[in-house]
Amino acid sequence: MVGLFIASMGVAFSTKAGLGTSPVASVPYSISLVSSLLSFGGWLNLLSVIQIITQVAVLKGKCNYTEIAIQTVLAFVYGYLTNLSVWLIRGIAVTGYPMQFLFMLLGCAILALGIWIQLKGGVAMLPGEAMNRAISKVSGKRYENVKIFFDILYIVISALICLVILGRLQGVREGSIIAAVLVGSIIKVYNRIFDKVRSGK
């Protein structure tokens, strides 16, 4: 739950920066700009359901359905936590590009920490990250590299939604692209630091 809340704060900081929200949240955020049917968190919940279904399909008989059930609950909690996190920092004024860039970097570091805590906790992860982990296990590819691939894919889909429907890029900017590469890389750094601390070297 701690990792979940930290991750939601990372998304909130990235969104507040105004340089494009985090990749995993970019598709629901872009859809929320063109449709008021659901809130940002609501569309995030819907994406989570799709990611859970994908995970079950990839793992097939090796799927842990207890974890899937926990993920489903966490997904909806995360949607509401994201709305809460956005609300908590609503009063912060982000003015000027340097401050926007700083908030974007903070968002990446905070999101990576939240994901890393969930990964190390080993109880259950958010559906998007669990889907990446499942694909990593089945394909033999490193988790961080799978994450980077899907983050870039989310950005492309978000950009297409904005360009086709809104006629302009909104919610997807340079910050989204930087985050697509940076978050996975920061998780690698957290892993190295953790391994060094644990080994006492």
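In this predicted model, helix α5 (residues 97-121) packs against helix α8 (residues 174-199) at an angle of about 45°, and their axes are 8 Å apart. The two helices are therefore oblique to each other, and their crossing is right-handed. On the α5 side, the contact is formed by Tyr97, Phe101, Met104, Leu105, Cys108, Ala109, Leu111, Ala112, Leu113, Ile115, Trp116 and Lys120. Their partners in α8 are Glu174, Gly175, Ile178, Ala179, Leu182, Val183, Ile186, Ile187, Tyr190, Asn191 and Phe194. The residues of this contact divide into 19 nonpolar, 2 polar and 2 charged.

Helix α5 also packs against helix α1 (residues 2-17), where the axes come within 7 Å and cross at roughly 160°. An angle over 145 degrees counts as roughly antiparallel, so α1 and α5 are assigned to that class. The crossing of α1 and α5 is left-handed. From α1 the contact takes in Gly3, Leu4, Ile6, Ala7, Met9, Gly10, Val11, Phe13, Ser14, Lys16 and Ala17. From α5 it takes in Gln100, Phe103, Met104, Leu106, Gly107, Cys108, Ile110, Leu111, Leu113, Gly114, Ile117 and Gln118. By residue class, the α1 and α5 contact has 15 nonpolar, 7 polar and 1 charged.

Ser48, Gln51, Ile52, Thr54, Gln55, Val58 and Leu59 of α3 meet Pro127, Gly128, Ala130, Met131, Ala134, Ile135 and Val138 of α6. This contact is made up of 9 nonpolar and 5 polar residues, with no charged ones.

The geometry of the pairs is set out below.

| Helix pair | Angle | Axis distance |
|---|---|---|
| α5 and α8 | about 45° | 8 Å |
| α1 and α5 | roughly 160° | within 7 Å |

Taken as a whole, the protein has 8 helices and 0 strands, and its pattern along the sequence is α-α-α-α-α-α-α-α. Its radius of gyration is 16 Å, close to the 17 Å that the globule rule gives for 201 residues, so the protein is as compact as a globular protein of that length. Along the principal axes, the C-alpha atoms fill a box of roughly 40 × 40 × 30 Å.

As for confidence, the protein averages a pLDDT of 85, and 99% of the residues score at least 70. Confidence is highest in α5, at 89, and lowest in helix α2 (residues 23-34), at a mean of 83.

Key:
Residues numbered from 1 in each chain as written. Predicted model: local features only at pLDDT ≥ 70, side-chain atom pairs only at ≥ 80, totals over all residues. Heavy atoms only, no water. Axes fitted to C-alpha atoms, helices over the stretch in contact; angles between N-to-C directions. Helix = DSSP H or I, 4+ residues; strand = E, 2+ residues; numbered from the N terminus. Parallel < 35°, antiparallel > 145°, perpendicular 65-115°, else oblique. Left-handed = near helix turned anticlockwise from the far one by under 90°. Contact = heavy atoms within 4.5 Å. Nonpolar A, V, L, I, M, F, W, Y, C, P; charged D, E, K, R; others polar. pLDDT = per-residue confidence, 0-100. Rg over C-alpha atoms; globule rule 2.2 N^0.38 Å.
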